[in-house]
Amino acid sequence: MNTIIFRTISPLLVSLMLLFSVFITLRGHNEPGGGFIGGLIAASAWALYGLSHGVPTVRRALRFHPMEIAGFGLFLAAATGILSLLFARNFMTGLWAFPQILGVEVALSTPMFFDIGVYFVVMGSMASIALSLEEREGGV
Amino acid sequence: MPTPISAPGWLLLILAAPFLAALLAPVLQGIAGRVSAFILALVPLASFAALLTLVPEVSAGARMTIGLDWWPAYGVRFSVLVDGLSLTFALLVTGIGTLIVLYSGGYMKGHPQAGRFMGFILAFMGAMLGLVLADDGITLFVMWEATSITSFLLIGFDHARAAARRAALQALVITGAGGLCLLAAVVLIGQATGTRTLSEIVASGETIRGSALYLPIFILVLGAAFTKSAQVPLHVWLPNAMEAPTPVSAFLHSATMVKAGVYLLMRLHPVLGGTPEWTTVLPLFGGATLITGTIMAVRQTDLKLMLAQTTVASLGLLVMLIGVSTEAAIVGAVGYLLAHAFFKGALFMVAGTIDHEAGTRDVTRLGGLRAAMPVTFVSALVAAVSMAGLPPMIGFVAKEALYLGFDESGRTALVVVAVAGNALMFVIGFAVALKPFLGPPVKTPKHAHEGPFELTVGPAVLGVVGLGAALGLGGFQAGLIAPMASAVAGRPIAPELHLIPTYVSMPLILSAVTVALGIVGYLLLSPARAAVAGIQSAIGWGPDRGFDQVVAALVAFAALVTRIVQPGRLELYMTAMVAFIAAALLIPLITLGEMPSWPSGDRPLLKEAAVMLIAVLGLAAVVVARTRLTAIVSLGIQGFAVAVLFVLFGAPDLAFTQFMVETLSVVILALVLTRLNLGERDHRPRWQMALDATVATAAGLGFAALLLKVTQVPFDRTLTDFYDAYARSIAHGRNIVNVIIVDFRGLDTLGEIAVVMVAGLAILALVRIKSRTPILPTPETGKRK
Amino acid sequence: MEPWLSGLVGLFFAASLYMMLSKKIIRILLGVAMLGNGVNLLLFTAGRITRDVPPIMPLDAYAPPEGAANALPQALILTAIVISFSFLAFLLVLAFRAFQDLGTDDTDAMRVAEPLADPGPPRGY
């Protein structure tokens, strides 16, 4: 899989996939998508990058260990639930706000950040699995 | 019997105090050291004093109760009953408890675990107090078990020795089994009378004796009493319990806990007593226990074991007396129980002091200690006189009373057994009290000298009490013996005991015979010991060996069962599981006539049929695949087919996820499986493949039939409608699936992503573990290394 | 449509259980992978089947369109897919490590915890 074509195309493909994964995650509340799917797409992107450029490159690009990213996601997801407690609601009650940002109404909500947490957990865990298995292969 | 009046509230405090003190004991031991025993002894002493204030009222015939609701839904209360029987026992427990706590302080001085020991002793005291004072049957059971457990902890206190562990386990097994009998008995009594409150049960003797449940209740109560009070052949745990430190033997295994069985028989005597079963079975077992115990006592050379065997014998004597069931016999039992608690407790403490100061308990290696240990010697002598049943001690009064009981019953066999047993106890009493002290001094492992105050005060006080009870017999009789005997009999009794016999009666003659036989026995002790030892080794088997054999057989049986059901072959477990699943699915469907009807209706569209066919082909290809690559690709095919099915049936989210997962699956399978050999098609013989296929097909059929049946019953849309209605209106989302995941069921999702994360961590750990040398080296891995 | 899918689910279960009855860890793993799909299809079918229309509301509506699919089983299955994948990956790595350390892929030969020459439980106290 070390062909020139693959090595040339894959960075483009990977960045597109990552962008798409964010898009899919954020639109999830209203259209097909969501944190699970987005996370899987992002993890696939990293796995692909690992196959083409070797795992060390991916690890450098990620800056953090994938499991650290997953841990951050779990923290974020749990924190959105605790935020409801601070507003004297039951744990994980959805909170919504619709601020005007640059003249556009933006829907901010705890479920959205929860979904982003899911995204990070799935991406981190799956990427960690794929990368550690690729690493065993000695960076094919 | 008078209806119970309300007891003072501090009774509950008395019950709680020992447990609190037990918690404090280890801390206190660390701070105060030797003084802590004196501080801790204040707890039982205060309880004893407080309980004493109840004596006048109770001896006037009053009964008192107090309690708390414990488990109201089942009518279980934590309730307390104070009458002549329970108050006397409670006084024994707290009074002797005070002396034992002090004694423990001296005996365990400098022991690193002394605090723990004190805690156990106090906890036991609390449990025992709860046992004798309990009014509710369940409270009684809980406290009964608590005494078994604390006894276990105390016997196994020196847990580094296998003998102590064995003794502790044996005691727990035997008395624990008895505890279960007690629980069953309480439940059955509750069924027969409609109440589990002892003070009410005692009044409903007619109901129970006439009930069909009488025999089961009787047997269960005997099971509980005979295990706890060490009746033949369940007595073996008691001599073995001498592995415990001596304060434990003195307190639990002579003065208090072993009397719990006797207490139970006494408590239920008004209910169960007097029937032919009662007056036959109890004297039979009691007599056998008396004779066994005394003969075994003759055989021993260890002071503690000699005493332990006579304790077994005394318990047998008590059971015999309760079994006779007449007023005189009950008075004899009550008197003997009290006398025994005084003299046996004292003798055990003496034995412990000798052991502590001289370094050995072997009677053949002791002698001439009277000069070195004068106080202990006098205490021992006083206790032995009481044990031998000689005036002017309470033991004499008790023995006269019990001879009167046996004599009145007119059962000559019982009289003979009692006289023989008492003569042998006379022998042992003096053997323990005289042999170590008289004669020329013998060199002992430690240089013997008098024990400290804590060790000498206990036997001395008990000796004084034994003497005082006899000299002040009138007050003792009115204050304790009469109320206790009345409670046992279930009707007021006014015993007439005398220290100085008024005329030459039958009991006096029997006493004289006992003493004569005893003196002869004392002189013949050494040859008798040799003879019993010879007979015992000739028989070569006893209940104690039997216990080991039962335990070994149980372990062997467990190992056998484990080997059969857990042979360590995964495919057998799997086959059993799958076969069971198939049976669980198919049998109810068939036997209950719930098989789904043959389907009719819409056919799949061409594209749907095509995708399903692809899925089936993918499955088949995986099953028959010969190489890794074929298997992985086929697996991918069936996975993608499922994804397409999701698309076709309106589930784009699922399809999306499935596509991504299948892609990743194929990638990681390819990464890993390149290192593993799928090997030839299968390693199973043909019959095995046929069997597996049959079982798997049956299970598949079961799932298909279940699913078909499910889809044929009307569909409940309640939940779906709820989510449809509120997904946008309150959760502001148009994709209902996503709204359910992140909002409605967010907590579930939180759990699920945690699982995903844990799986990731586990995989990381597995990958990172350093590869060790293969545990089972094979040529293949050998090459790789 | 449900009867056809019921049949398909039955085949999924039969095939995957047959694989799992093998002694070879690879075949067991493949069986586990297929079993996940079978279970998901079972849930999906039990929630009743409709064609094409996903449970997503149009921009102007506050209810899903007529004849939309049942959203509830989909929500259940979506997380189940991801979890069963994590599980499969874990089993895969576990099997791989077992193969590395034990040198065998035959479950009968994996006898470190339960050796054939079992000395039996300890005697005594």
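How much area is buried between chain C and chain B, and what share of it do carbon and sulfur atoms give?

**Entry 1: ground rules.** I am working with a predicted model, so I noted that local features need pLDDT of at least 70, side-chain atom pairs count only at pLDDT 80 or more, and totals for chains, interfaces and linings use all residues. Residues are numbered from 1 along each chain as its sequence is written, chains are lettered from A and ligands numbered from 1 in the order in which they are written, and side-chain values use heavy atoms, with hydrogens and water left out.

**Entry 2: chains C and B.** I found about 9,600 Å² buried, 71% of it from carbon and sulfur atoms; buried area is the accessible area (1.4 Å probe) that two parts lose on being put together, summed over both. C:Tyr18, C:Leu21 and C:Tyr125 supply 10% of what chain C buries against chain B, more than any other three residues. I counted 91 residues from chain C and 115 residues from chain B in the contact, where contact means heavy atoms within 4.5 Å.

**Entry 3: α4 and α5 of chain B.** Helices here are DSSP runs (H or I, at least four residues), numbered from the N terminus. I looked at α4(B) (residues 84-107) and α5(B) (residues 114-133), which pack at about 175° with axes 9 Å apart. The axes are lines fitted to C-alpha atoms over the stretch in contact, and angles run from 0 to 180 degrees between N-to-C directions. The two are therefore roughly antiparallel, a label for angles over 145 degrees. Among the residues that meet are B:Phe89 and B:Val93 in α4(B) and B:Phe117 and B:Ile121 in α5(B). By class I get 14 nonpolar, 5 polar and no charged; Ala, Val, Leu, Ile, Met, Phe, Trp, Tyr, Cys and Pro count as nonpolar, Asp, Glu, Lys and Arg as charged, and the others, Gly among them, as polar.

**Entry 4: α27 of chain B.** I checked α27(B) (residues 628-648): its 21 residues reach 30 Å from first C-alpha to last, close to the 30 Å expected, which is 1.5 Å times one less than the number of residues. B:Gly650, with a positive phi near 75°, follows α27(B).

Entry 5: Most residues other than glycine have a negative phi, and most peptide bonds are trans. I noted a cis bond joining B:Val232 and B:Pro233, omega about 5°, with B:Pro233 in the loop between α10 and α11 of chain B. The bond from B:Pro391 to B:Pro392 is cis too, omega near 5°. In chain A, A:Arg63 has a positive phi of about 65° although it is not a glycine, and A:Arg63 lies in the loop between α3 and α4.

Terms used: Angles under 35 degrees count as roughly parallel, over 145 as roughly antiparallel, 65 to 115 as roughly perpendicular and the rest as oblique.
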